[in-house]
Amino acid sequence: MKKKTLVLGASLNPTRYSNIAINRLVAKNIHTVAFGLKEGDVANVGIDTDLKDYKNIDTVTLYLNPTRQQEYYDYVVGLQPKRVIFNPGTENPEFYKILEENNISYEIACTLVLLSTNQY
């Protein structure tokens, strides 16, 4: 399996982009974990509703608007991912600065596009 990804803001709703991203990550054999407000399964990935101390996270892909992200700043930094992807609608200059200060790279991109063009 490829490097582990955390989908932050995962949804059980199959029309939500976070849900589609989980399905596509799994289809590409990328080890995927997920956090969301409602517990359940998407593509055999359990959505956690408690913040877990995941180990070896390579990428955090965000599906939370900037206001909702604030309560997760310390959590994401504490995971020490190699990168954070800010999907459309999640752009957040305040969080970019925090990530830079902690030597975590970030991309303003769409996970679905990165996956479909083999740039993930």
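Leaving aside neighbours within four places in sequence, which residues is Tyr 17 in contact with? I looked, taking contact as heavy atoms within 4.5 Å. The partners are Tyr 63 and Leu 112.

**Ground rules.** I am working on a predicted model, where local features need pLDDT of at least 70, side-chain atom pairs count only at pLDDT 80 or more, and totals for chains, interfaces and linings use all residues. Residues are numbered from 1 along each chain as its sequence is written, and side-chain values use heavy atoms, with hydrogens and water left out.

**Tyr 17.** I placed Tyr 17 in helix 1. Helices here are DSSP runs of H or I, at least four residues, and strands are runs of E, at least two, numbered from the N terminus. Tyr 17 counts as exposed because its relative accessibility is 59%. My cut-offs for relative accessible area: buried is under 20%, exposed over 50%, partly exposed in between, with a 1.4 Å probe and protein chains only. I also checked Gly 89, which is 72 residues from Tyr 17 along the chain. Their C-alpha atoms are separated by 11 Å.

**Helix 4.** I listed the buried residues of helix 4 (residues 93–101): Phe 95, Tyr 96 and Leu 99. They sit on the same side of helix 4, because they cover an arc of only 105° around the axis. That arc is taken from the directions from the helix axis to the C-beta atoms. The face turned away from the buried side carries exposed Pro 93, Lys 97 and Glu 101. I then asked what covers the buried residues; the cover includes strand 5 (57–62), helix 3 (73–79) and strand 7 (105–108). Asn 103 follows helix 4, with a positive phi near 55°.

**Largest pocket.** A pocket is an open set of points on a 1 Å grid over the protein atoms alone, where a 1.4 Å probe fits, with protein on both sides within 12 Å along at least five of seven lines; lining residues have an atom within 4 Å of a point. I read about 500 Å³ for the largest pocket. It has 24 lining residues, and the closest to its centre are Gly 9, Ser 11, Arg 16, Ser 18 and Tyr 63. Strand 1 (2–10), helix 1 (17–27) and strand 2 (30–36) each supply at least two lining residues.

**Second largest pocket.** I noted a volume of about 180 Å³ here. Its lining includes Lys 28, Asp 58, Arg 83 and Tyr 120. Strand 1 gives the largest share, three residues.

Notes
Grid points are joined across faces, edges and corners, and a volume is the space filled by probe spheres set on the points.
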